[in-house]
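Here is a short tour of one structure, written for someone who likes to know the cut-offs behind each term. Please keep the viewer open as you read.

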Amino acid sequence: MNKIRAIAEGWSRDQMAELAAMDIPDGAFVNLGIGIPELVAKYVPNDREFIYHTENGLLGMGGAPAAGEEDPELINAGKKPVTVVPGASYFHHADSFAMIRGGHIDVCVLGAMQVSENGDLANWSTGKPDAIPAVGGAMDLVAGVKTIFVITQHSTKDGASKLVRDCSYPLTGKGVVSRIYTDLAVVDVTAEGFRVRKLAPGVSFDEVCGVTDAPLLPMVES
Amino acid sequence: MTGKQFQSAAAAIADIPDGATIMIGGFGEAGSPTELIHALIDQGTKDLTVVNNNTGNGHVGLAALIGSGQVAKMICSYPRSSLSRVFPDLYRAGRIELELVPQGTLAERIRAGGAGIPAFYTATTVGTPLADGKEVRRFDDRDYVLERALTADFALIKCETADHKGNLTYNKTARNFNPIMCMAATTTIVQARRIVAAGDTDPEHVVTPGIFVDRLVEVSAPQVESQLIADGVTYP
């Protein structure tokens with residue numbers, strides 16, 4: 001736990017979101033999870049357009065409405081008021097999940113409780129007996145969307161690594177995560193395991209290894 | 001041919017018996033048929049199985065129906081509520097059953113139920129605890145889980161306009177589960193903001209064809225759940 005505090009500040013939540021946005025191609029259909037992933041929408045590069053899907057039945061979602069302009073019948077999956085962009089469409093839930101499960105959505109950015117070195121994701125339940133289990137659309141998204149990015153702090157508040165050899169929490173999906181954006185590093189999930197793609201300023205490879213409960217492969221020099 | 005229109009929400013839901021399975025439209029408050037749910041609380045039927053994505057908010061609408069003790073089982077994807085302790089308290093006390101279903105599987109099970117498809121395979125939940133005990137089959141080098149269709153005795157639906165033939169249109173993201181639930185219930189009961197004459201809705205704009213709709217009631221100024229909660233309203 002103390003090791004983390006000894007490390008340089010690393011990236012902020014906004015910087016993690018910006019890094020993820022830079023990796024999404026122009027014209028992509030994108031679904032953003034609730035929480036830090038929502039920040040990705042603030043950092044769309046100027047020369048690109050992303051089309052946002054929200055699983056409660058809207059393609060072409062815009063930002064939050066001005067105060068007083070909220071419509072309780074125009075909301076996102078987090079049940080917050082949103083707007084629509086020109087060219088948007090509404091549809092029912094089975095069509096919305098046909099977009100997800102049929103492989104029509106290009107990129108989904110999600111939060112995580114744990115990611116394993118083979119790309120397993122756990123982000124819906126601690127599995128504790130007194131927890132109210134709630135899955136929403138997470139299992140559908142990881143099963144159907146072409147590319148799954150994860151944005152998360154590298155460690156929990158208690159200092160436990162979120163990057164692990166095997167997830168101890170119940171899985172959302174097996175072998176589904178492509179890339180992880182943490183406050184310390186961008187990490188790819190490869191056939192050989194986790195490979196560091198980028199390090200936050202002032203953060204060394206050895207420091208990241210020291211707070212990660214799985215082997216890390218170094219960056220490939222390009 | 002007899003008309004589909006009823007004069008009140010109470011009359012439209014009067015014959016729902018104890019033990020019925022009821023699909024209730026809506027995602028959060030959007031598209032939730034609050035007046036029909038409140039009529040069901042007044043009517044008092046119990047031992048219900050309710051299908052909805054969530055478990056309601058505050059102490060109005062679905063949360064109030066659950067809180068009244070009329071619901072024995074919830075089938076849903078996300079039983080966490082904002083501003084409501086109703087479901088968690090009953091669940092932890094062992095007084096309500098939960099069947100947790102991923103949101104897309106829930107939607108597809110309902111769609112399949114309405115389309116006469118008894119079961120289907122999906123990649124969702126493969127390798128997770130929610131696939132435990134379910135048949136897994138491999139197609140083209142990928143594993144899929146067998147899921148059964150869902151049907152219901154009744155559906156409670158909210159829409160924007162209904163014509164006298166039962167053709168429905170919806171408003172924005174208040175559409176959500178409503179169209180597929182109309183298809184999957186034996187008796188579909190709809191509260192519409194406006195009921196119009198047959199022919200007033202362009203056939204090109206109909207979202208739910210009237211064949212899936214049995215009863216209509218006009219609720220021209222439906223209550224807004226978030227406003228009720230902000231005002232501290234509880235039902236009944």
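Predicted model: local features only at pLDDT ≥ 70, side-chain atom pairs only at ≥ 80, totals over all residues.

## An enclosed helix

Twelve of the 13 residues of H5(B) are buried, so this helix is largely enclosed by the rest of the structure. Buried here means that 20 or more other C-beta atoms, placed from the backbone, lie within 10 Å of the residue's own; 12 or fewer makes a residue exposed, and anything in between partly exposed. Among the buried residues are Gln103(B), Glu108(B), Arg109(B) and Arg111(B), along with Leu106(B) and Ile110(B). Helices (H or I, at least four residues) and strands (E, at least two) are DSSP runs numbered from the N terminus.

What does the covering of these buried residues include? From chain A come helix H3 (93–101) and helix H4 (138–144).

Just after the helix, Gly116(B) has a positive phi of about 75°.

Residues are numbered from 1 along each chain as its sequence is written, and chains are lettered from A and ligands numbered from 1 in the order in which they are written.

Chain B has a mean pLDDT (the predictor's confidence in each residue, from 0 to 100) of 96, with 99% of its residues at 70 or more. The model scores ipTM 0.96 and pTM 0.96.

## Where the chains meet

The contact (C-beta atoms, placed from the backbone, within 7 Å) takes 33 residues from chain A and 39 residues from chain B. On the chain A side, H3 and H4 each supply at least two residues, and H3(A) gives the largest share, five residues.

## Parallel strands in chain B

Strands E3 (residues 48–51) and E4 (residues 71–76) of chain B pair in the parallel sense over four bridges; pairing requires at least two DSSP bridges. Within this pair, Val51(B) stands opposite Ile75(B).

E4(B) is also joined by four bridges to strand E5 (residues 97–100) of chain B, again running parallel. There, Cys76(B) has Leu100(B) as its bridge partner.

Note on methods: Contact = placed C-beta atoms within 7 Å.
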